[in-house]
Amino acid sequence: MHGRWSRVVRTPLGLTATVLVVAVLALACFGPVLWGSGADVVDTNDILAPPSGEHWAGTDNLGRDILLRVLVAARLSILLALIAIVIAVGAGLLLGSAPFVLGRRGGRLVTAAVNTAVAFPGLLLALFFAVIFGTGATGAVLAIGLAGAPSFARLTQTLVAGVAARDYVAAARIAGVGRVRVLFRHVLPNIAEPLVVNATIGAGNALLSFAGLSFIGLGVQAPAYDWGRLLYDGISAIYVNASAALAPGAAVLLAGLAFNLFGESVAKGLGVPVGIGLRAAATRTAAAKRPEPTSHDEHVGTSAPDVVLDVRDLEVTFPGPSGPVRLVRGVSFDVRRGEAVGIVGESGSGKSMTALAITRLIADHGRVDASRLDLLGNDLLAPDTAVRRRLLGTSLAMVFQDPMTSFNPTRRIGAQLAEVATHHQGMTRREAMARAVDRLTAVRIPDADSRVRQYPHEFSGGMRQRAMIGMGLMGEPALIVADEPTTALDVTVQQQVLDLLAAIRDADDVALVLISHDVTVVGEVCDRVLVMYAGRVVEDLPAAALATAARHPYTRALVEAVPDMATDLTKPLATIPGRPVSPADAPPGCAYAARCPLADARCRAEDPPLAAEPERHGSGRHRVACWHAGEPLPRVHETDDLVETVESL
Amino acid sequence: MSDLRFDDVTVRYGRTTAVDGVSLTVPEGEVVGLVGESGSGKSTLARAAVGLAPLSGGRITLGGAPVPTRGRPRPLQMVFQDPYSSLDPRMTAGESVAEAMPPGGSRAERRAEVERLLELVHLDPVCAGSVPSRLSGGQRQRVALARALAARPRVVIADEITSALDVSVQGAVLNLVRELQRELGLTILFISHNLAVVRYVASHVAVMRHGRLVEQGPAARVLTEPAHDYTRELLAAVPGRTTPRSQS
Amino acid sequence: MSVTSTAPSPPAERSGPRPRPWARFAVRRLGRLLVSLWVLVTASFAMIHLIPGDPVRGALGPTAPTALVEARREALGLNDPILTQYLRYLEGLFTGDLGTSISSQLPVSDVVAQRLPATLSLALLAFVAAVVVAIPLGVATGVLTRRGHGRRTELAFTTTSVVVATVPDFLIGVALIYVFGIRLELLPVAGDETAAAYLLPVFSLAIGPAAILARIVRVEMVGVLEADFVRTARAKRLPARTVYLGHALPNAVTAALTLGGLLLSSMVAGTVLVENVFAWPGLGSTIVQSILTKDYPVVQAIVLVYGVGVLITNLVVDVSLALLDPRSTIRED
């Protein structure tokens, strides 16, 4: 907590704003004490004088020193603004949290009222209330406070609704904690920060609004004076002594800016995702040391003629808060024509990064290095050209995890498919649209010719994913890279999508790279499986060997940890103690050593290379990165080692 | 007798009927698995049981009496899917657990009870002082289980409690569920879209589709000799059941 | 909305669009407009009754003879039962009768008709200027400061936009008058007779909202460039221009309008202060005069006109949103 606030002050902007706010508040406290009497000294011999050594900002129509009056006016201006913002926040909190306390019906009424009020600009509301409450300081405070209430109510409502939807609120309610208590214990503490930030910005705005009201004569009335009142008086004399208007204008602006900038810097400082301290701490240990090429084994040399994709020593590096982080560390594999290769791993294993890297879709602040990255014999590491774009656009298809968000919501499905053909295949719009209909039909979307005119939200989840595959088929793909294509789908729909991918492979000899966290899915669909852990491939084996002949202890544990329809119900499931290591804090030795029952000193010191295993099944190559590959695993007893402690940070 | 009974339960949101006339019994000391795809109404049924969703018809009883949804004690507790959303980020694990405990007892007694509960779910009692951001997904889910147990429930509803976890952690939580059921004789309504997971923990299985219950019975029977077409379809869709596609 | 598609053979998925989303959208939007309009009319009617004390006595001053006050009260119908007054007020609105000014004795509708065009032209010009400047600026900075790029540009842009947006329009007006009117004597600082006279007021009114809008557009653009569908567009290997302008822009503008719609309607109210700075012969200077002289019928009418202006602006924004993003027609609210 403390560190987050100090971070706000540490930025140049935040520091400036903080100093300004403190200065303005100090002025409000001490201004009238120091200069209060001097500001009221009338000198009728020296009225409306321009700036001079004696009166730095000149004098007003009674010969009073304008600079002193501006300094003294700070207290009233700030005080009125603060009272107004207290009213606004108070009323806003009351209205904003009312729906939570009142429940469904009553809440809806309050929400509707707030929504109607918030549609009208604050100034208009302030004028409305100013008419009712009359001109003068009290009327203006009430007017500005109440005018600000709807937007704070709306903000509170949104924030409260956000927290109320969290499961911990539901859990507290189920445990029998009352609504009001939940509001004070769980909801308000979790929305306090954004509210405070917005109240600070609101205070700045209230200050400026006050000046606005006073400026048109509806605010503070003489003989009292705030900055707006001084501005009102000064503007009438602007041709005689411009600084009479400019000095209070500058003061109100500076104070308003101070509050706004302070609020903005706090918002920015706190807005950083700090809750996940683990990740931030983890990245610090990342050392940007390039490994020696690890694949000096059997497939160095030129690619075999039927290789579609050839990847050697792939590295993906992203800038982290403290130095670059290697998310993928020396991954090598190839994919042959018509082959299906699965990449499995847990979150943070680098499997999705690998998919994005081989398709050159890594966001451009990430870095991709490889000693080779070839698609159909074309170097993908070469600079981007129109020719390469066409190659990738037509011979590589990509399927993403979430079909809901992967289509542009504002464009029709047909147009989104057709643009591939118009850009890369030189088709006219009409031809491209005909091809889109044809491709949608090919992925088993009924009534494709009317469906092309629909928007993505009019498709169901499974249909969207099929349409996404259809989009990849607009060209003549030699390779489909599917990143968790069924994770967001129901099981029966998942089956349809997997069937479709299999059918496309069979029909056109298209190669497939399937990325998934689900060992069973990968085992079912693929010929070969790459198991990734902490950014490395730890085992590369035939899919048929997964269940029976996996050699790496991680692969074996992964297969056993996941129950399937044949799991022995009398035994506990295998478990892997600890949690996945992120590539960022991979240790010098084997990244899995900390969780591995076979680990010894060598494992912790030396990272094992991905070495070829002797072929034993006749079903294909088998590579494994383990010093103890295939050694029997000690059976972990159910309750042993299960007590988890907080890992030290 | 503290069977959890759903009697012709219907839940409507506006014009959509999320749960449509479901009758289901969760017998005391048993684990009933409730399976179905997204939108089948299985989570809504659970939320209706704990009072988070309004009933439009039917009744939900516990041991013959309506389930209390106001005040304490609350004999029906729930564990949620997302371990990142189910713990208040500003409260320590211990505070979250303690909040659900019945009122009363000295400070020391309450602390001892929190420690006992954390040990029950195989968490180091040191975790009581940690805020959720310092805990892993699996650890958070254990805290959530401990919190549910803290209320001394007669029935626990577990709503997709493993689907947001990494596969290597999922197994440990499933083992824990089985262990708690065996050792405490806990009654559990275990909701999941994953048939293999349900098969592993549940003795009875109920299948929902489009808000209706299409089939229920002993797990061994439903999962091997399904009576309803939809159950058969679900079973056929479980990955790893068919021969690998590359060879078909 | 979660759509389940469970398809045995043959696939029986939910087909076809929802029935006429546009019709539903129109009905719902119109309903909301009517409710807001009713609230507005009622509030403007209630205003005069919420003022503590006798508004007529307040308007005429404490020295006015009681008989005159009573006569004016009678003329304004303030002695009738409140419901009668309300119904008469509504009836008057339908026939274009907004009452009579207390101070000038002219029909309020004439005052409004005479003053409205100046305010309308000012607001519209500022509105257009803000949008025309803010969207390209926001999009361009969005692209330049997309994730992992242009940290310094982002800081400079964000700081500048906060500072510019904080300066209230009337202060900008005062500063402009000082610089261009008094110091340089380049531009006229009052009235609306010449085209040049529009420059300073439009600038004062537009620059703040333009800064905020540009900022919102930038944030949305940066967000949209991270979206899955932009990655899809890149996966289709479309040229960068198509990705930015064809795919990212409409979504960024949609999102920005959702947030920024309120901003545009605040410009309608912003005319009040700016008109007072530049002695603009519009509704803004009239309402301030009327508040100070307690000419309540005029105040009521102008508040009503401003409110309607705001409602129309909101409606225009919502319809543009619906045209840009088909989903917004089915959004429940």
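In this predicted model, residues 74–263 of chain A are 84% helix and 0% strand. UniProt, in an unreviewed entry, assigns the feature "domain: ABC transmembrane type-1" to residues 74–263 of chain A.

**Annotated transmembrane regions of chain A**

- The UniProt annotation "transmembrane region", also from an unreviewed entry, covers residues 12–35, 78–102, 123–148, 196–218 and 238–262 of chain A.
- Residues 78–102 of chain A are 100% helix and 0% strand, with end C-alpha atoms 35 Å apart.
- Residues 238–262 of chain A are 80% helix and 0% strand, and here the end C-alpha atoms are 32 Å apart.

**Overall form of chain A**

- Chain A contains 22 helices and 13 strands.
- The radius of gyration of chain A is 34 Å, whereas a compact globule of 649 residues would have a value near 26 Å.
- Taken along the principal axes, the box filled by the C-alpha atoms of chain A is roughly 110 × 65 × 55 Å.
- Buried residues make up 55% of the 649 residues of chain A.
- Of the contacts in chain A between residues at least 6 apart in sequence, 67% join residues at least 24 apart.

**Contact between chain A and chain C**

- Chain A contributes 67 residues to this contact and chain C contributes 66 residues.
- On the side of chain A that touches chain C, the elements giving two or more residues are helix H5 (122–133), helix H8 (179–215), helix H10 (243–271), helix H13 (386–395), helix H14 (413–424), helix H17 (461–472) and helix H18 (491–508) of chain A.
- H10(A) gives the most to that side of chain A, with nine residues.
- The residues on the side of chain A that touches chain C comprise 37 nonpolar, 23 polar and seven charged.

**Overall form of chain B**

- Chain B has eight helices and 10 strands.
- The radius of gyration of chain B is 18 Å, close to the 18 Å that the globule rule gives for 248 residues, so chain B is as compact as a globular protein of that length.
- The C-alpha trace of chain B spans about 60 × 45 × 35 Å along its principal axes.
- Of the 248 residues of chain B, 54% count as buried.
- In chain B, 67% of the contacts between residues at least 6 apart in sequence join residues at least 24 apart.

**The six-stranded sheet of chain B**

- Six strands of chain B form an open sheet with mixed pairing, in the order E6-E7-E8-E3-E9-E10.
- Strand E6 (76–79) and strand E10 (212–218) of chain B are the edge strands, each pairing on one side only.
- From one strand to the next, the twist averages 20 degrees.
- Strand E7 (residues 155–159) and strand E8 (residues 187–192) of chain B pair in the parallel sense over five bridges.
- B:Asp159 has B:Ile191 in E8(B) as its bridge partner.

**Helices packed on the sheet of chain B**

- Helix H4 (residues 137–150) of chain B lies across E6 and E7 of chain B and runs at about 175 degrees to E6(B).
- Helix H8 (residues 229–237) of chain B packs on the sheet, where it touches strand E3 (31–35), strand E9 (204–209) and E10 of chain B.
- The direction of H8 of chain B makes about 100 degrees with that of E9(B).

Conventions: Residues are numbered from 1 along each chain as its sequence is written. Chains are lettered from A and ligands numbered from 1 in the order in which they are written. This is a predicted model: local features need pLDDT of at least 70, side-chain atom pairs count only at pLDDT 80 or more; totals for chains, interfaces and linings use all residues. Helices (H or I, at least four residues) and strands (E, at least two) are DSSP runs, numbered from the N terminus. The radius of gyration is taken over C-alpha atoms; the globule rule is 2.2 Å times the number of residues to the power 0.38. A residue is buried if 20 or more other C-beta atoms lie within 10 Å of its own, exposed if 12 or fewer, and partly exposed in between; C-beta atoms are placed from the backbone. Two residues are in contact if their C-beta atoms, placed from the backbone, lie within 7 Å. Two strands pair if DSSP finds at least two bridges between them. Axes are lines fitted to C-alpha atoms, for helices over the stretch in contact, and angles run from 0 to 180 degrees between N-to-C directions. UniProt positions are given in the numbering used here, feature names are shortened, and annotations may be inferred rather than shown by experiment. Ala, Val, Leu, Ile, Met, Phe, Trp, Tyr, Cys and Pro count as nonpolar, Asp, Glu, Lys and Arg as charged, and the others, Gly among them, as polar.
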